[in-house]
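Me: I have a protein model open and would like to learn how to read it. Could you take me through it feature by feature?

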Amino acid sequence: MRESEKIATARTLRRRQTDAEKALWRLLRNRTFQGTKFRRQHAIGPYVADFVCLELKLVVELDGGHVVPEAKIRARYERLWPLVAQARLRADRTEFFDNS
C-alpha cells in the first residue's frame, strides 16, 4: 500500500470511529493522559493502529463495532505489534464501556 493510500485509509477510519474509539480519543487527545501524545488511526507499516503513543511505544486497539472475523483480527495484531510496540493493550469495545 502506498503512503497516500495509507493516509486516505487512516482519514476514512477517523471519520468512521466506533463509539468506544470516540470515547477513548476524548480521554487521550491533547496530551490529557499523563502528558503523553497519542495519535489515532496511525499508519504503522501496512497497518493502521487505532491509537499509538510513539514515545512510549504503546499501541491501543479496540475491537468490535466492525464485522471482521476473529482469526483475521488476531493475525493482523500479530503482524502489527513487532513493528512498533514494546507494550500493547487490546480490548473489546464492550470491555471499554463496562470498565470506564
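Predicted model: local features only at pLDDT ≥ 70, side-chain atom pairs only at ≥ 80, totals over all residues.

Me: What percentage of the residues count as buried?

Reply: Buried means under 20% relative accessible area, exposed means over 50%, and partly exposed is in between (1.4 Å probe, protein chains only). Of the 100 residues of the protein, 35% are buried. In α2, the buried residues are A20, E21, A23, L24, W25 and L28.

Me: Which residues make up the largest nonpolar core?

Reply: In soluble globular proteins, nonpolar side chains tend to be buried together. A nonpolar core is a set of buried Ala, Val, Leu, Ile, Met, Phe, Trp, Tyr and Cys residues joined through side-chain atoms within 4.5 Å. The largest one here has 10 residues: A20, L24, W25, L28, F38, F51, C53, L58, V60 and L62. Two or more residues come from each of α2, β2 and β3, and α2 gives the largest share, 4 residues.

Me: How many aromatic pairs are there?

Reply: Rings of Phe, Tyr and Trp (its six-membered ring) pair if their centres lie within 6.5 Å; planes under 30 degrees apart are stacked, over 60 edge-to-face, and the rest tilted. That rule gives 2 aromatic pairs. W25 and F51 are stacked, at 6.0 Å centre to centre with 20° between the planes. Because W25 is in helix α2 (residues 19-28) and F51 in strand β2 (residues 47-53), this pair ties together parts that are 26 residues apart in sequence. Both W25 and F51 are buried. In the other pair, the ring centres of F33 and F38 are 6.3 Å apart and the planes are at 65°, so this pair is edge-to-face. F33 is partly exposed at 38% relative accessible area, whereas F38 is buried at 5%.

Me: Which residue forms a salt bridge with R31?

Reply: Side chains of opposite charge can pair when their charged atoms come close. A salt bridge is a side-chain nitrogen of Lys or Arg within 4 Å of a carboxyl oxygen of Asp or Glu, and the count here is 1. R31 pairs with E55, with their closest N and O atoms 4.0 Å apart. R31 sits in the loop between α2 and β1 (39-44), and E55 in the loop between β2 and β3 (58-63), 24 residues apart. R31 is partly exposed at 46% relative accessibility, while E55 is exposed at 54%.

Me: Is Q41 buried or exposed?

Reply: Q41, in strand β1, is buried at 2% relative accessibility. Contact means heavy atoms within 4.5 Å. Leaving aside residues up to four places away in sequence, Q41 touches A10, L13, R14, E21, V48, A49 and D50.

How values were computed:
Residues numbered from 1 in each chain as written. Heavy atoms only, no water.
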